[in-house]
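Thanks for coming. Please look at the sequence and the model on the screen while I talk through a few parts of the fold.

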Amino acid sequence: MKKLVLTIAVFMVVAACKVNPFTGKKVLNFYPNSQIFPMAFAQYDQFLTENKVIEDSPEARMITKVGQRISSAAERWLAANGYPGYLNDYKWEYNLVNDETVNAWCMPGGKIVFYTGILPITQTETGVAVVMGHEVAHALADHGAQRMSAGTLQQLGAVAGNIAIQDEQKRNMFNQAYGLGSTVGLMLPFSRSHETEADRIGLQIMAIAGYDPAEAAELWKRMKANSGGEAPPEFLSTHPSNDTRIANLTEWAPLAKQEAMKFGVTTFK
């Protein structure tokens with residue numbers, strides 16, 4: 001078992017070969033854009049055919065406007081920090097879908113959906129920018145590919161363990177322990193770290209786009225109120241708690257404004 005763990009650990013180190021431009025750190029990602037983007041684009045197109053897309057409404061136009069400002073700000077930041085061609089393969093698209101779910105998402109490569117259900121919580125264009133910045137940040141940081149990479153390694157560990165353990169009873173015990181341990185101890189913290197990273201990156205790019213990052217904490221206060229306090233313990237969740245996010249966003253907002261000032265942005269809407 002020690003050899004198995006060591007083998008997986010070495011593989012993870014070797015696989016962590018791409019640098020996150022926003023943190024400067026190597027990340028676990030062995031799915032290139034050329035592989036993951038076409039899959040994401042096809043899934044996005046399929047989703048649009050199966051859902052009611054709202055076109056040419058004031059809200060839909062606002063989603064597109066904010067998305068374009070956020071993606072442009074991201075491009076400015078990346079170019080200024082030594083990554084001028086980073087977004088060459090991205091195909092930005094912004095759509096509003098008629099669905100009461102309180103949600104929005106961005107697929108790898110820049111394919112974005114907002115649900116109408118989130119608009120009463122965003123309330124304003126700046127509120128939309130908070131959500132847009134966060135979702136775009138997931139795509140910029142390759143979080144989708146990283147999750148796929150981590151999931152592949154999790155499955156590899158399970159398969160290797162089942163091959164290595166011959167005794168059926170011990171194998172069953174391993175599967176139970178490995179499933180719980182790898183999920184609670186590795187996969188969920190991995191996901192929470194992505195959410196926190198997207199919050200911080202999103203604040204920076206929304207500020208560079210001219211939106212007030214101080215609004216982010218206010219939006220999450222509204223998110224907390226909307227949830228009615230119903231949420232699993234943080235260690236069992238894919239996301240940080242609302243209180244954790246509010247505290248982080250409050251702390252980081254002034255830093256995001258300082259970053260925006262480097263780009264000549266001194267006033268925010």
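**Helices and strands**

I start at the end of a helix: H8 is followed by Gly228, whose phi is positive, near 65°. Before going on, note that this is a predicted model, where local features need pLDDT of at least 70 and side-chain atom pairs count only at pLDDT 80 or more, while totals for chains, interfaces and linings use all residues. Residues are numbered from 1 along each chain as its sequence is written, and side-chain values use heavy atoms, with hydrogens and water left out.

The protein has 9 helices and 6 strands. Helices (H or I, at least four residues) and strands (E, at least two) are DSSP runs, numbered from the N terminus. Of the 269 residues, 46% count as buried. Buried means under 20% relative accessible area, exposed over 50%, and partly exposed in between, with a 1.4 Å probe and protein chains only. For contacts with a separation of 6 or more, 71% come from residues 24 or more positions apart; contact means heavy atoms within 4.5 Å.

Back to H8. Does its length agree with its number of residues or disagree? At 1.5 Å a residue, its 13 residues should span 18 Å, and the end C-alpha atoms are 19 Å apart, which agrees. The expected span is 1.5 Å times one less than the number of residues. The buried residues of H8 include Ala217, Trp220, Arg222 and Met223.

Now its neighbour. The axes of helix H5 (residues 125-140) and helix H8 (residues 215-227) come within 9 Å and cross at roughly 90°. Axes are lines fitted to C-alpha atoms, for helices over the stretch in contact, and angles run from 0 to 180 degrees between N-to-C directions. H5 and H8 are therefore roughly perpendicular to each other, the word used for 65 to 115 degrees. On the H5 side the contact is made by Thr126, Gly127, Val130 and Val131, and on the H8 side by Glu215, Ala216 and Leu219. These divide into 4 nonpolar, 2 polar and 1 charged. Here Ala, Val, Leu, Ile, Met, Phe, Trp, Tyr, Cys and Pro count as nonpolar, Asp, Glu, Lys and Arg as charged, and the others, Gly among them, as polar.

Next, the strands. Two strands pair if DSSP finds at least two bridges between them. Strand E4 (residues 93-97) has 4 of its 5 residues buried. Strand E3 (residues 53-54) pairs with E4 in the antiparallel sense over 2 bridges, and Ile54 stands opposite Leu96. E4 also pairs with strand E6 (residues 111-115), here in the parallel sense over 5 bridges. In that pairing Tyr94 stands opposite Ile112, and Asn95 has Val113 as its bridge partner.

Which residues of E6 point one way, and which the other? Lys111, Val113 and Tyr115 point one way, Ile112 and Phe114 the other, and all are buried. In a regular strand the side chains alternate between the two faces of the sheet.

E6 has another partner: 4 bridges join strand E5 (residues 104-107) to E6, and the two run antiparallel. Met107 stands opposite Lys111. E5 and E6 form a hairpin with 3 residues between them, and Gly109 in the turn has a positive phi of about 95°.

Last, Asp45, which is found in helix H2 (residues 33-50). Asp45 is partly exposed, at 41% relative accessible area. Asp45 and Lys111 are 66 residues apart in sequence and 9.3 Å apart in space, C-alpha to C-alpha.

How values were computed. Parallel < 35°, antiparallel > 145°, perpendicular 65-115°, else oblique.
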